[in-house]
Amino acid sequence: MTRILRYFVLLLVLTFAVDSVAQSADENGTHKVKRKETIFGIARMYNLTIEDLIKANPEMKEPGYELKKGAIINIPVAKPDSTQTAYSEKPAVVPASQTAPVDDVRQREIRVGVMLPLHNINGDGKRMVEYYRGILMACDSLKKTGISIDIHAWNAAEDADMSQILQDPAAAKCDIIFGPLYSKQMQALSDFVEKNDIRLVIPFSINAPQLLTNRNIFQIWQSPTNINDATIVHYLEKFKDYHPIFIDCNDSTSKKGNFTFGLRRQLEGRNIDYSVTNLKSSEEVFSKSFSRTQKNMVILNTGRSPELGVAFAKINGLKFNNPSLDISMFGYTEWLMYTRTHLENFYKYDTYIPSHFYYNPLSSQTERLEQKYRWNFHSDMQNALPRFALTGFDHAYFFLKGLHKYGKTFNGAAGMFGYPPVQTPLVFERMGNGGLQNHSLLFVHYTPDHRVETVKF
């Protein structure tokens with residue numbers, strides 16, 4: 001167990017140890033719950049899956065069930081393949097061929113490193129702890145498919161000495177490292193992974209010029225400029241037959257001008273007519289902006305909820321007086337946070353929202369992971385979009401499954417394997433002779449028949 005994992009147990013941030021040794025139940029096949037133990041931790045203690053433990057204790061399925069100190073729970077007989085470590089049991093993989101390299105990651109455990117601010121001091125640490133927990137949950141899921149994983153974590157806080165962290169012998173043995181969170185840590189980590197042929201996954205938005213020269217780097221974050229450019233390209237492909245209507249919402253704080261002006265220039269270059277109007281325009285002037293013969297696509301120049309509400313009110317009045325008008329809305333990622341207020345209008349106006357993620361609370365996959373998170377860590381995920389734990393789960397599942405299947409030739413390109421993401425799709429492209437950058441984008445589509453679908457690119 002690394003120093004940071006021991007630190008976590010002390011802080012009660014994590015409630016189990018990765019390197020815990022499998023124990024045996026008492027002579028009655030039961031376990032007496034101790035203070036602060038969790039379902040996840042007990043399952044790992046006895047080298048069981050959560051499902052095995054719950055099956056032996058059906059009361060755990062009851063809504064609102066809480067594991068309490070002193071409770072006696074049943075411990076089923078461990079499976080025959082049980083070993084000493086939670087993520088390092090013998091992998092059920094195809095035997096290595098005679099021509100395979102001796103140290104082929106496809107034929108052994110995958111060695112994972114996490115170098116992020118893993119602490120409970122500030123928002124950065126709390127968010128990264130949740131992200132790390134998502135990685136651990138992905139490791140647990142992959143373990144059940146026969147993929148063996150050995151994971152180490154280091155608290156790479158903002159003031160951490162990366163050179164000191166990288167001296168740990170376990171770091172050089174990693175096949176893949178998730179991190180860092182801070183730009184100033186990039187150079188040391190970039191040099192380290194290049195020297196030791198380790199894949200580096202940068203999960204969040206930092207300045208990483210090393211991406212252009214280091215082929216071992218995967219950068220998941222996309223700049224607003226790249227997202228704008230990709231959104232414009234896909235808009236023009238999908239909605240070329242629509243009549244665009246740009247509504248000025250009089251929001252002096254808006255930063256959506258780069259998108260709306262960029263789209264207008266592209267429309268002009270293709271000789272596609274569009275209209276421009278204003279939220280303060282009279283009903284007559286506003287109405288004249290809409291086509292009576294084409295489908296209309298409304299595009300605001302702000303992502304804020306108050307202006308969106310005014311726009312819907314104005315469009316509702318227009319639609320009441322002109323029922324035959326065909327109107328759709330094209331929004332912004334921020335709109336995903338406004339579903340409680342505007343959901344019915346999203347459906348009514350066939351709304352498309354471009355995003356690099358989609359958190360669907362009604363998905364059975366999402367519900368299952370959120371429930372497991374509560375069982376494992378006795379708390380809910382933070383109320384943020386996207387959810388950090390689900391992001392960590394998707395990232396780890398994608399990369400570790402990719403390494404297991406393709407080894408170190410895995411480049412994250414589209415179609416390499418069929419992983420349906422819970423929240424965060426990933427598609428990578430090589431940046432010249434450097435590393436790989438994520439270029440995934442989707443449109444979240446609210447249909448008039450009250451469905452939500454994702455259009456992936």
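Helices, here DSSP runs of H or I with at least four residues, are numbered from the N terminus. In these terms, α4 and α13 each supply at least two residues of the lining of the largest cavity. The structure under discussion is a predicted model. The largest cavity has a volume of about 50 Å³, and the count of cavities of 30 Å³ or more comes to one. Its lining consists of Phe 40, Ile 50, Met 137, Asp 140, Ser 141, Leu 369, Lys 372 and Asn 376. By class, these lining residues comprise four nonpolar, two polar and two charged residues.

The protein as a whole has 457 residues, of which 52% count as buried. Its secondary structure amounts to 14 helices and 16 strands. Among contacts between residues at least 6 apart in sequence, 67% join residues at least 24 apart.

The largest pocket holds about 1,200 Å³ of space. A total of 46 residues line this pocket, and those nearest its centre are Trp 221, Gln 222, Ile 227, Thr 333 and His 356. Several elements, namely α4 (123–143), α8 (224–238), α9, β12 (351–355) and α14 (388–406), each supply at least two residues of the pocket lining. The most is given by α8, with five residues. By class, the lining of the largest pocket has 21 nonpolar, 18 polar and seven charged residues.

Aromatic pairs number 32 in the structure. In one of them, the ring centres of Tyr 235 and Phe 239 are 5.2 Å apart and the planes stand at 50°, so the pair is classed as tilted. Tyr 235 is buried, with a relative accessible area of 1%, and Phe 239 is likewise buried, at 2%. The rings of Phe 286 and Phe 290 also form a tilted pair, because their centres are 5.4 Å apart and their planes are at 55°. Phe 286 and Phe 290 are both buried. As for helix geometry, an α-helix has 3.6 residues a turn, so residues three or four places apart point the same way.

In helix α12 (residues 339–348), the buried residues are His 342, Asn 345, Phe 346 and Tyr 347. These buried residues pack against α11 (305–321), β12, β15 (442–446) and β16 (452–456). Just after α12, Asp 350 adopts a positive phi of about 50°.

Further backbone features occur in loops. Most residues other than glycine have a negative phi, and most peptide bonds are trans. Asp 197, in the loop between α7 and β6 (199–202), has a phi near 55°, a positive value in a residue other than glycine. At 36% relative accessibility, Asp 197 counts as partly exposed. His 450 is placed in the loop between β15 and β16 and has a positive phi near 65°. With a relative accessible area of 46%, His 450 is also partly exposed.

Cis peptide bonds are found at two prolines. The bond from Gly 179 to Pro 180 is cis, with omega near -5°, and Pro 180 sits in the loop between β5 (176–178) and α7 (186–196). The bond from Leu 385 to Pro 386 is cis as well, with omega near -5°. Pro 386 belongs to the loop between α13 (364–377) and α14.

Another loop residue, Asp 251, lies between β8 (243–248) and α9 (257–269). Its relative accessibility is 12%, and because buried means under 20%, Asp 251 counts as buried. The side chain of Asp 251 makes a polar contact of 2.6 Å with that of Thr 253. When residues up to four places away in sequence are not counted, Asp 251 touches Thr 302, Arg 304 and Glu 307.

How values were computed:
Residues numbered from 1 in each chain as written. Predicted model: local features only at pLDDT ≥ 70, side-chain atom pairs only at ≥ 80, totals over all residues. Heavy atoms only, no water. Buried < 20%, exposed > 50% of the residue type's maximum accessible area, 1.4 Å probe, protein only. Polar contact = N/O pair within 3.5 Å; in protein donor to acceptor, adjacent residues only side chain to side chain. Contact = heavy atoms within 4.5 Å. 1 Å grid on protein atoms, 1.4 Å probe; cavity = no way out; pocket = protein on both sides within 12 Å on 5 of 7 lines; lining within 4 Å. Points joined across faces, edges and corners; volume = space filled by probe spheres on them. Nonpolar A, V, L, I, M, F, W, Y, C, P; charged D, E, K, R; others polar. Phe/Tyr/Trp six-rings, centres within 6.5 Å; stacked < 30°, edge-to-face > 60°.
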